[in-house]
Amino acid sequence: LRSALATWSPENNHTEDLRNRLDKAGANPRLTAALGYALAKEYEDLGEYDSSFAELSRAASAYRSTLSYDSDQELAVHQDIREGFTADRFKALSGGHQSDAPIFIVGMPRTGTTQTNVNSQRTD
């Protein structure tokens, strides 16, 4: 996280510390990825673009090794959605509540409950 706090200079950076930590990361792909992305960012700040790209590639490979993606499973989920949310099901829904009273929406932060209405622009 500290690598993202500033633009680092040759006189003030953490590249040596990050390299040492990467050497000790061993076979931990998540740690290798996090440290590699940080080191790539600092190398980029220093203008060492070849080193930055090498670390970015290593970090991305480490991160990719932690992912398990099954395209058949993904397609099955989408098929389930298509089968569950048909046009007939939406037509069968009621028209909603007809009251003009305000609705108070409660939600956790970052869940989309505070989206602005583009049609309610101020005119003053």
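## Aspartate 17 and its partners

Aspartate 17 forms a salt bridge with arginine 2, with the closest N and O atoms 2.3 Å apart. A salt bridge here is a side-chain nitrogen of Lys or Arg within 4 Å of a carboxyl oxygen of Asp or Glu. Aspartate 17 lies in helix α1 and arginine 2 in the segment before α1, so the pair ties together parts that are 15 residues apart in sequence. Helices are DSSP runs (H or I, at least four residues), numbered from the N terminus.

This is a predicted model: local features need pLDDT of at least 70, side-chain atom pairs count only at pLDDT 80 or more, and totals for chains, interfaces and linings use all residues. Residues are numbered from 1 along each chain as its sequence is written, and side-chain values use heavy atoms, leaving out hydrogens and water.

Aspartate 17 also meets arginine 21 in a salt bridge (2.9 Å, N to O). These two are four residues apart in helix α1, about one helical turn. Aspartate 17 is partly exposed, at 26% relative accessible area. Partly exposed falls between buried (under 20%) and exposed (over 50%), using a 1.4 Å probe and protein chains only. Arginine 2, at 34%, is partly exposed. Arginine 21 is partly exposed, at 45%.

## A pair in helix α3

Arginine 58 forms a salt bridge with glutamate 55, the closest N and O atoms being 2.8 Å apart. They sit three residues apart in helix α3 (residues 49–64), about one helical turn. Arginine 58 is partly exposed at 39%. Glutamate 55 is buried at 12%.
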